[in-house]
Amino acid sequence: MKLLAHILFLALAVVLAQCDEDTSAVPDRCQGLEMDAVAVNEEYIPYFFKGDHLFKGFHGKAELSNESFAELDDHHHLGHVDAAFRMHYENSSDHDHMFFFLDNKVFSYYKHKLEDGFPKDTSEVFPGIPDHLDAAVECPKPECDADSVIFFKGNDIYHFNVQTKAVDEKEFESMPNCTSALRFMEHYYCFHGHMFSKFDPKTGEVPRTHPKEARDYFMRCSKFSEESDHVERERCSRVHLDAITSDNAGNMYAFRGHHFLSKDGSNDTMTADTIENAFRELHSEVDAVFTYQDHLYMIKDDHLFLYKVGEPHTHLDGYPKPVKEELGIEGPIDAAFVCEDHHIAHIIKGNKIYDVELKASPRVAGNERTISLFDNVDAAMCDGTGVKVIKGNHFYHFISTHGFVAGRSLPEQHRVSLELFGCDH
């Protein structure tokens, strides 16, 4: 009996060890990873590759790469992707194709389907470019002298002309060795370890303020590096906002993950803090926020939290309450805003917008309309200049709520980091 019990104990120990091993094999980007490759898809969502896993966007858990690109495993055991980029040149036959490099092979995908005839030898598709690359990134004209792809292998850097297939070797002395590279919002980033360096694709020049921590700007993590400048990180992060609002005094609050950025309307001073510290009852990650009569209405899942604006913000007794009870609509909600001196909360769910009369009792969500220009939005706010609608890393300015809802063409695109928060890099 003792022998049987001992055998069962050993068997259980082996199973638990295998479970731990399987769990530990799933990478966690917030632990600080050196990515193997980075590329954006046709919807400009960055794909970060690590080993046989893939992170889609700036937050979320890893998934197996072969779930999205099965043929990588069919043709070649997917231990990792060496390099990747998206070809985005209107006059190229490979426009909007994603290229993946594994050892001496290249795979070309269009809308997540492998193109006929691929994989091919790297030398066949990109003559003059070596095998076993470290990184690759597209570089359109005029950011490069011609529509090009920049390839990295150790200290060697190659500019490949897409039209002529000519190869120009470069010496970028100030550049670190890139393990992956990314073009995002017309800027170029070289990732090395869990750091990144912005660089000029023509000269390789790197700003004196770089390198920087990748987790601070390209990932949504609950904790950041000890050296992190919290204000700069929140101003310059490439991760989309969860919610944004402004009050009648011109103060602005922008929420992202576990942190938020506030801007003083009287002097434009910006400060950053954790949601846990300033809004303890919320803990983190809000869905939508709007301001009304010096109160912050903060929506998380199916509940509404109410705070009186001040130093510190005061959580009102009796809250949170169900969103349905307070606003007459089921949560969750994507975005919400109130325009100055008005008493209507505009509630956005998907591509629908509803009006809630805040002076009414009970409150009811009515006047449902379809938003023609967006399937969904990340955040929105209204101030004296009109409505700002945020989608990804950009925002769009509309003169009025009606202009936003009934518009037939998108207004000029603006960068959130630069034009809302003054980040210059």
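A disulfide is counted where two cysteine sulfur atoms lie within 2.5 Å. The model is a predicted one, in which local features need pLDDT of at least 70 and side-chain atom pairs count only at pLDDT 80 or more, while totals for chains, interfaces and linings use all residues. Residues are numbered from 1 along each chain as its sequence is written, and side-chain values use heavy atoms, with hydrogens and water left out.

**Exercise 1.** Find the handedness of the link of Cys339 and Cys382, and state which parts the pair ties together.

Solution. Begin with the sulfur atoms of Cys339 and Cys382, which are 2.1 Å apart and form a disulfide. Next, take the angle about the S-S bond, which is 105° and goes with a right-handed link. Strands here are DSSP runs of E with at least two residues, numbered from the N terminus.

**Exercise 2.** Decide whether Cys139 and Cys144 are buried or exposed.

Solution. First recall the cut-offs: buried means under 20% relative accessible area, exposed over 50%, and partly exposed in between, with a 1.4 Å probe and protein chains only. Cys139 has a relative accessible area of 0% and is therefore buried, and Cys144, with 2%, is buried as well. These two residues are joined by a disulfide with an S to S distance of 2.0 Å.

How values were computed. Helix = DSSP H or I, 4+ residues; strand = E, 2+ residues; numbered from the N terminus.
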